[in-house]
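Student: I would like to go through this model with you, one site at a time. Can we start once it is on screen?

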Amino acid sequence: MANHRTSQSKKPWIETPLVESSTLSRAVGCRVFLKLENLQPSGSFKSRAMGSLILSHLSNPANSNRDIHFYISSGGNAGLAAVCAARSLSYPCTVVVPRSTRAIIIRKLRDAGATDVIAHGETIAKADEYMHEVVMKERREGESDDVVKIALHPFDHEAIWDGNSTIVDELVDQLPPDADNNQRAVPADAIICSVGGGGLLNGLVMGIERQKKLLGQDTDSHTNTAKKDINILAVETEGTASLALAMSKKSLVSLPSITSQASSLGVVRVSSRTLEYSLSPPPGISIHSVVISDADAARGVLRLVDDERLLVELACGVCVEAAIGDAQRQNRKERRGHGGTDEGYGSDPTSSDESNPGSSTVSCASDVEDTDSEADSASQRVSKLRQVVPGLSPQSRVVIVVCGGSNITLDMATEWREKLNNGWGSKKGCE
């Protein structure tokens, strides 16, 4: 091991459970599995990302037998994961946050053991600049001359993606065997994840690629019709859709601002690797960009609260609603038409399909017509998932990465439920 205070074999993240949701499976019309990254030590998948990044620095011979202090600029989950990972390995970590960071996040950072939490600037970019130019240049009381100060990037680093790729390794062992003999490296038809800067998406692609090589499937899978693509749905909210914008421009462009409440997805520009993967996915992988509203994200959060007793951020709720939103809305309309009652989520928009081979983008459009046909089951309805992955059967496997997150309280969920009951998101297809 490169550092005298810890063993590199100790990983600051855990293998998380994969559970099959009967409720969501019925709504979608196929087998839906939840990868519970909300159970990581920091409460999100970022434990893998930051843990792997920190371990990569500790394994650097240049840092051997030296005092190390980690620094990160973050508005929430990455900072919390960095603190949890660093402290579990007995290293200090300082976090610089924008002044807009909610008090609950600052309290969680301090409770997790952050050496210091410093608020500066109106954006993460300003906080990051201050961290590099001021905070990291200051000498702390009692700090040795030999201390190594290391800045951690929240999403754009190979070690981060490698850490996130371990999700795929676990899925290979946790998912039921592929009964239809499609010879996929991972026995899943689709994996749904949210996208901020793209670190999670990059890791999933890298993990699938690694598993393909282990199975000897590192050649072009399109030459063998027995092998079907693994579809990745990359979901963003309107107001954080930096990947969708970059894909539409086929260039690394930046959003002018973040206007969504899903602050954990609030990265104005994705990593270059994320855009590369999305425009030209590796053989055997199809990547689809999906954009939904904040109201839809809130519906997804409430579905997990009510059906699975899980409380997660808007940034996580987007994945659930991308899978089942339209089907669930149609079911509610049918129940109302037959004397039933609404579930209280408000109405759901549908989407138009602008898919292309290998990659696609789906965003909100107008409502579909009501139907009174009892035979028109949830599995026949067009949701965003079904638009980009046609032909899903009751035995198809869909994995939702429940990424977790700390920017959520019961009061927030209650407020969203009230807003949805009062028509939030129902006036227009996309708000």
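Student: Which side chain does the side chain of Asp128 join in a polar contact of 2.8 Å?
Tutor: This is a predicted model, where local features need pLDDT of at least 70, side-chain atom pairs count only at pLDDT 80 or more, and totals for chains, interfaces and linings use all residues. Residues are numbered from 1 along each chain as its sequence is written, and side-chain values use heavy atoms, with hydrogens and water left out. A polar contact is a pair of N or O atoms within 3.5 Å; within protein, one must be able to donate a hydrogen and the other to accept it, and residues adjacent in sequence count only if both atoms are side-chain atoms. At 2.8 Å, the partner of Asp128 is Ser73.

Student: Where is Asp128 found, and what is its relative accessible area?
Tutor: Asp128 sits in helix α5, residues 124-133. Helices (H or I, at least four residues) and strands (E, at least two) are DSSP runs, numbered from the N terminus. Buried means under 20% relative accessible area, exposed over 50%, partly exposed in between (1.4 Å probe, protein chains only). Asp128 is partly exposed because its relative accessible area is 27%.

Student: Is Ser42 buried or exposed?
Tutor: Ser42 lies in the loop between β2 (31-36) and α2 (46-58). Its side chain makes a polar contact of 2.7 Å with that of Ser47. The relative accessible area of Ser42 is 6%, so Ser42 is buried.

Student: Which residues does Ser42 contact, leaving aside neighbours within four places in sequence?
Tutor: Contact means heavy atoms within 4.5 Å. With those neighbours set aside, the partners of Ser42 are Ser47, Leu80, Ala81, Cys84 and Ser406.

Student: What is the relative accessible area of Gln211?
Tutor: Gln211 belongs to helix α7, residues 199-214. Not counting residues up to four places away in sequence, Gln211 touches Val168, Asp169, Val172, Ala185 and Val186. Gln211 is buried because its relative accessible area is 9%.

Student: At roughly what angle do the axes of α8 and α9 cross?
Tutor: Axes are lines fitted to C-alpha atoms, for helices over the stretch in contact, and angles run from 0 to 180 degrees between N-to-C directions. The axes of α8 (residues 242-249) and α9 (residues 272-279) come within 10 Å. They cross at roughly 60°.

Student: Why is α8 called oblique to α9?
Tutor: Angles under 35 degrees count as roughly parallel, over 145 as roughly antiparallel, 65 to 115 as roughly perpendicular and the rest as oblique. The axes of α8 and α9 cross at roughly 60°, so α8 is oblique to α9.
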